[in-house]
Each structure stands twice: as C-alpha cells, then as structure tokens.
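My entries follow the coordinates.

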Amino acid sequence: MQIITTKQELLQHVEACKQQNKTIGLVPTMGALHAGHASLVRRCVSENDVTFVSVFVNPTQFNNKEDLAKYPRNIWRDADLLSNLGAHFLFAPTPEEMYTAEEMNSTFEFGFNGLDQVMEGKMRPGHFNGVVQVVSRLFYLVRPDRAYFGEKDYQQLAIIRYMVSGSAFAGTFGDLQIVGCPIVREESGLALSSRNERLSESEKQTAVNISRILFESREWAKTQSVAEVQQRVVDAINAVEGLEVEYYEIVDQSTLLPAADFSHAIGCVTVYCGPVRLIDNIKY
Ligand code: AMP
C-alpha cells in the first residue's frame with residue numbers, strides 16, 4: 001500500500017488508474033480505524049480494482065474545537081490495518097494541503113432539501129457543510145466509481161446520496177455509486193466508533209444500554225405509537241446513570257421528516273456518555 005500526502009501525487013495515481021481503465025473505490029474516514037471502517041474497506045476492495053482510503057480529520061466539520069482537539073489519531077496503526085485489508089492507497093493530507101486559509105474559514109452553505117436542518121444538522125450548525133465540503137473535494141480528486149459510507153452516520157449518508165443525485169452537484173460526479181454499509185457493533189451491541197476510545201471501561205458498560213434500549217424499542221413499536229416509543233426510549237436511556245439523551249427522533253428513512261408510523265422509519269439517537277457524544281440508530 002502506498003501512502004500519499006499531497007493532492008498532486010494523488011491526482012497522478014488516479015490518472016494512472018483511469019488510463020488503465022481500472023475501477024476506483026473510495027472510503028473516506030477520519031482515522032482511528034476500527035472494525036466498522038474495516039467492513040467498508042473490505043467491501044470496497046472486493047468490488048473495485050483499486051481502493052483509495054482517505055484519513056483526514058476534517059476541521060471544517062467540527063463546530064466544537066475541543067472535540068476536534070480530542071479526536072483520536074493514530075495514522076501508523078491505521079496504515080497497518082489498511083495494508084492488511086488490501087487497500088492500495090492511503091491518502092492522508094494535512095488541513096493545509098486540503099484547504100486554502102480562506103476555504104478553512106468559509107461559511108458557505110449547501111442546500112439539502114431540509115435533510116441538513118434536522119437532528120445532527122440542528123445540533124451541530126455547519127457540520128454537514130463541512131462534511132460535504134471535504135467529501136465533494138475527495139470526489140473531485142479521486143473520481144471514484146463507488147464510494148462507501150456507514151449507516152452508523154445515517155443522516156450523513158442520506159445527505160451524500162442527495163448531494164450526488166439531487167442537488168447542485170447532480171451529474172458532477174458521473175455514475176458515482178454511493179454504497180451504504182450496515183452498522184458494525186461490538187458483541188455487546190455497542191456501535192463501534194472512534195469516539196469509544198475516549199470511554200473508560202465502566203463508561204463503555206454504561207454505553208451498552210443505548211443499543212440495548214434501541215433494540216428493545218422494536219418490541220414496543222409493535223403495540224405503541226411513534227410518539228410513545230420516542231418518549232419511552234428517551235426516558236429509558238435517561239434513567240441509566242451516566243447517560244443523557246440529546247435527541248431521539250423517529251423519522252422517515254428517506255426524507256428524515258418525523259415518521260407518521262413505523263413503516264420505513266428509523267430512530268436516530270445522540271447520547272452523552274460522560275463528556276463523549278455518541279450516535280446510534282435503529283431501523284424499525
Ligand atoms: P469516521 O471516521 O467516523 O468519519 O467514519 C468513516 C466512515 O466509517 C463513515 O462512513 C462512517 O459511517 C463509517 N463507520 C463508522 N463507524 C461505523 C460502524 N460502527 N459501522 C459501520 N460503518 C461505520
């Protein structure tokens with residue numbers, strides 16, 4: 001596997017692949033890789049001739065400076081893992097390589113048909129603009145045939161799908177296919193996340209209750225209304241000492257608008273476990 005740190009090098013390798021008519025798969029990440037990321041990379045390697053993985057902690061999608069500073073980083077361990085998984089190129093640029101000073105501070109806004117106005121978008125103003133800024137830049141540079149994203153960040157996946165097919169970017173990325181991959185969990189049910197590295201062992205035990213309650217809520221959904229289940233999940237998680245729900249919303253899987261019933265519905269939750277903000281979701 002080759003490690004690339006500049007856009008210029010990246011463009012040369014991409015061009016060489018294109019010249020040879022090789023299909024290109026891209027897996028964008030922020031590093032501190034775990035088995036969730038590995039599932040995306042494995043699938044990418046199996047479906048494309050060449051796999052590019054980016055590791056870039058994107059400053060423009062963090063609205064909380066402390067969260068950015070504390071984000072776990074371990075590029076050499078990431079490189080080892082990616083090499084073992086059969087990735088061909090690791091693109092690991094600095095922020096200065098990715099953005100001009102002006103771009104770093106830009107407050108430009110994309111419109112996503114309301115998808116970015118709810119849940120994470122409401123709680124983290126500017127977050128999805130930063131995500132789209134970096135992902136669109138990666139798409140321009142790598143020109144992938146397929147790009148892989150986890151359902152763990154369900155709203156992000158919905159916005160990127162919309163960005164490629166239904167917005168100002170429509171058609172810009174050719175036949176690019178966005179591939180959504182299922183959430184990988186620990187045996188306990190806890191959704192894998194780079195942020196779990198910041199949890200102590202006992203906080204981890206506490207955090208397991210989030211997925212336990214989400215799974216249990218599928219049973220509640222058989223006899224109760226959306227509003228009742230929504231409230232019951234919030235109450236059950238808040239009743240666990242050490243957990244505090246920021247939001248739990250049961251929404252339509254496509255529009256992300258409040259669901260009228262459980263057909264085609266997904267529940268998305270954000271919970272503070274101590275100082276660490278965790279997200280998870282469940283399809284009904
Ligand atoms: P991140 O490094 O957190 O930006 O994540 C990079 C990609 O990996 C995103 O598409 C995430 O949705 C995906 N991802 C993160 N955690 C998981 C998980 N537990 N299962 C599946 N995909 C994941």
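**Classes and ground rules.** I count Ala, Val, Leu, Ile, Met, Phe, Trp, Tyr, Cys and Pro as nonpolar, Asp, Glu, Lys and Arg as charged, and the others, Gly among them, as polar. This is a predicted model: local features need pLDDT of at least 70, side-chain atom pairs count only at pLDDT 80 or more, and totals for chains, interfaces and linings use all residues. Residues are numbered from 1 along each chain as its sequence is written, and side-chain values use heavy atoms, with hydrogens and water left out.

**Second largest pocket.** I started here. A pocket, on a 1 Å grid over the protein atoms alone, is an open set with protein on both sides within 12 Å along at least five of seven lines; a cavity is a set of points where a 1.4 Å probe fits but cannot get out; lining residues have an atom within 4 Å of a point. The lining of the second largest pocket has three nonpolar, two polar and eight charged residues. I read its volume as about 230 Å³. It has 13 lining residues, and Asn-64, Asp-67, Tyr-272, Pro-275 and Arg-277 are the closest to its centre. Volume here is the space filled by probe spheres set on the points, with grid points joined across faces, edges and corners. H3 gives the most to this lining, three residues. Helices (H or I, at least four residues) and strands (E, at least two) are DSSP runs, numbered from the N terminus.

**Largest pocket.** Its volume is about 600 Å³. I found 28 lining residues, with Thr-60, Ser-106, Pro-125, Gly-126 and His-127 nearest the centre. H8 gives the most, five residues. The classes come out as eight nonpolar, 15 polar and five charged.

**Cavities.** How many cavities of 30 Å³ or more does a search of the whole structure find? It finds two. Of its 48 lining residues, Met-30, His-37, Lys-152, Asp-153 and Gln-156 are the closest to the centre. H8 (127-142) is among the elements that give two or more residues to this lining, and H8 gives the most, six. I count 24 nonpolar, 15 polar and nine charged residues there.

The second largest cavity has about 80 Å³. It is lined by 13 residues; Leu-190, Ala-191, Leu-278, Ile-279 and Asp-280 lie nearest its centre. H10 (201-220), E8 and E9 each give two or more residues to that lining.

Where does the ligand sit? It sits in the largest cavity (more than half of its atoms lie within 2 Å of the grid points). The shell around the ligand has 17 residues, the closest being Met-30, Gly-150, Asp-153, Val-184 and Leu-192 (a heavy atom within 4 Å counts as near). H2 gives the largest share, three residues. The shell divides into nine nonpolar, six polar and two charged residues.

I then listed polar contacts (pairs of N or O atoms within 3.5 Å). The side chain of Asp-153 has an N or O atom 2.6 Å from a ligand oxygen. A backbone N or O atom of Gly-150 is 2.8 Å from a ligand oxygen. A polar backbone atom of Val-184 lies 2.9 Å from a ligand nitrogen. Alone, the ligand exposes 480 Å², and the protein buries 93% of that (Shrake-Rupley method, 1.4 Å probe).

Definitions and conventions. A polar contact is a pair of N or O atoms within 3.5 Å; within protein, one must be able to donate a hydrogen and the other to accept it, and residues adjacent in sequence count only if both atoms are side-chain atoms.
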